[in-house]
Amino acid sequence: MSATWRTLVPTLIVSITALLVLAPFFINIPALNSVQSILNSWTVIISAVTGCALGLVYMTHAIYASYQRNKDMEQLVMGVTTYVFIALHLGLALTQSGGVNSPAYQWWYTVVYQNVGATVYAFMFFTLASSAYRTMILNSVEATSLAVGGLIYTLRQIPLFQTWFPWMVPLGEWILLVPNVGGSRGAVIAAALAATVYGVRTIWGKEISLREVS
Amino acid sequence: MSSVIVPGTILSALVLLVIAAASYYYFEKLKDPTYQPKLRDIPAITAIKEGVGKSLEENKPVHYQMGASGGQLYSTLVSMTLVALTFLRYISRLCAEMGAKLIVHMPYQAESIPLIEGTTLEGYREAGKPEDFKRENLRYYGRGALTWTQGVTASFAQEGVGLNLAIGIFYSDCPISLEMAKYMNGLNVGGTGRWIMVYAFAMMCDYVFLGEEIYAAAAVVSQDRMMLVGMLIEEVGKFFVFLLLGLGLLLSLVGMDVVALFNM
């Protein structure tokens with residue numbers, strides 16, 4: 001396949017699909033809404049199938065590479081556990097009568113899977129909450145103003161500070177409603193415009209971020 | 001007429017039309033080979049080069065991450081995925097040219113992996129060193145931010161960090177990896193277009209791209225005229241928004257219902 005066809009065909013597919021998906025936002029024609037709905041469904045289907053297939057392939061590759069880098073028992077147990085987890089997921093859902101609603105699957109899901117997930121999630125968020133304090137760098141005007149604004153806004157929610165420093169409450173509200181809203185609206189508008197430019201360029205067939213060298 | 005056009009979308013269509021018209025103008029202008037659009041320097045871009053140099057001096061790898069969910073291909077954030085890929089190509093080329101080891105921490109959306117792999121390889125090809133591209137340095141950690149943060153931080157701890165370049169779609173996954181990179185004496189350079197997480201980058205990075213700066217920086221590092229005029233097109237959009245703001249202010253001062261007017 002020539003380079004022109006390799007570029008032209010996907011560009012045409014993307015441009016036509018994008019126009020068909022975009023049009024119903026502005027034009028109220030039932031046929032266009034149906035086309036948009038079908039295209040959206042296919043996007044999800046293609047993405048989910050490729051995602052699952054590639055995910056499994058890359059996960060296997062990653063586990064193997066990880067074991068090659070560090071050949072110890074922990075790595076081996078980690079790799080095996082991953083597949084045991086997948087086997088339990090699929091095995092119980094497919095073999096038990098009632099599928100995912102079967103008592104065996106529900107027990108495994110609520111007693112084992114959810115608890116492990118919740119524990120790791122809690123661990124991650126405890127680390128996250130404290131990491132900001134450990135890593136904060138006041139090396140710019142932006143960082144300092146964000147830190148000061150955030151501090152006042154946080155302190156004004158603590159009852160002790162509300163009693164000792166009552167002026168903090170209106171100041172915190174003002175920071176939240178005036179500079180915060182003004183700044184964030186401006187930033188969001190600018191980022192949205194930049195994203196729109198990417199979209200227009202893609203529809204136009206001029207997006208070159210992913211062009212090939214050879 | 002009112003039944004064909006969806007109510008409340010006229011202003012959005014107008015913004016889109018202005019951007020399309022500006023795009024047409026600048027795309028035509030690009031036909032002149034002497035036309036070279038210019039953007040201001042962004043300090044964080046220079047810092048990337050310094051970071052690669054630092055990694056070489058310390059014999060540590062350069063890490064690149066586009067967020068645990070940075071591979072979104074069919075969401076409203078897809079433009080940030082494209083920006084992240086532009087930076088990936090740049091850092092791959094830079095690492096190949098300077099001889100630094102690059103580790104790419106891939107997002108959990110597996111459907112974007114071929115793009116990431118291809119873009120990294122393209123970077124090495126641009127530098128004329130495709131043989132230096134190593135697939136095992138593209139790391140995938142399965143689905144979810146939980147496994148991603150653990151995988152990235154484990155890699156930082158085991159292999160060290162010279163430069164940690166973090167650009168893309170970030171949620172609450174970024175503080176943990178930024179902290180670990182700092183803990184391992186790495187240089188943190190990063191940014192996101194998601195305003196809600198810009199605070200984390202502003203406070204935790206040595207050099208930051210604030211919000212839309214990632215789009216401008218992507219254009220600068222690509223050094224492509226098409227990408228550079230993209231920022232000029234965005235400027236036209238910004239001036240149009242300023243115009244609307246001024247118009248809205250004036251009309252509301254004379255007592256008109258601006259909200260209803262702009263919601264046509």
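# Two chains in contact: questions and answers

Colleague: What does chain B contain?
Modeller: Chain B has ten helices and six strands. Helices are DSSP runs of H or I with at least four residues, and strands are runs of E with at least two, numbered from the N terminus. This is a predicted model, where local features need pLDDT of at least 70, side-chain atom pairs count only at pLDDT 80 or more, and totals for chains, interfaces and linings use all residues. Residues are numbered from 1 along each chain as its sequence is written, while chains are lettered from A and ligands numbered from 1 in the order in which they are written.

Colleague: What share of chain B counts as buried?
Modeller: Of its 264 residues, 50%. A residue is buried if 20 or more other C-beta atoms, placed from the backbone, lie within 10 Å of its own; with 12 or fewer it is exposed, and in between it is partly exposed.

Colleague: What makes A:Tyr113 buried, exposed or partly exposed?
Modeller: A:Tyr113 has 14 C-beta neighbours inside 10 Å, so it counts as partly exposed. A:Tyr113 is found in helix 4 of chain A.

Colleague: Why is helix 3 of chain A called hardly covered?
Modeller: Among its 23 residues, the count of buried ones is zero.

Colleague: At what angle do helix 4 of chain A and helix 6 of chain B cross?
Modeller: Helix 4 (residues 103–135) of chain A and helix 6 (residues 174–183) of chain B cross at roughly 50°, and their axes come within 8 Å. Angles under 35 degrees count as roughly parallel, over 145 as roughly antiparallel, 65 to 115 as roughly perpendicular and the rest as oblique. Therefore helix 4 of chain A is oblique to helix 6 of chain B.

Colleague: Which residues make that contact between helix 4 of chain A and helix 6 of chain B?
Modeller: Among them are A:Met124 and A:Leu128 from helix 4 of chain A, with B:Ile176 and B:Leu178 from helix 6 of chain B. Residues are in contact if their C-beta atoms, placed from the backbone, lie within 7 Å.

Colleague: How many residues does each chain give to the whole contact?
Modeller: Chain A gives 52 residues and chain B gives 60. On the side of chain A, the largest share, 16 residues, comes from helix 7 of chain A.

How values were computed. Axes are lines fitted to C-alpha atoms, for helices over the stretch in contact, and angles run from 0 to 180 degrees between N-to-C directions. Two residues are in contact if their C-beta atoms, placed from the backbone, lie within 7 Å.
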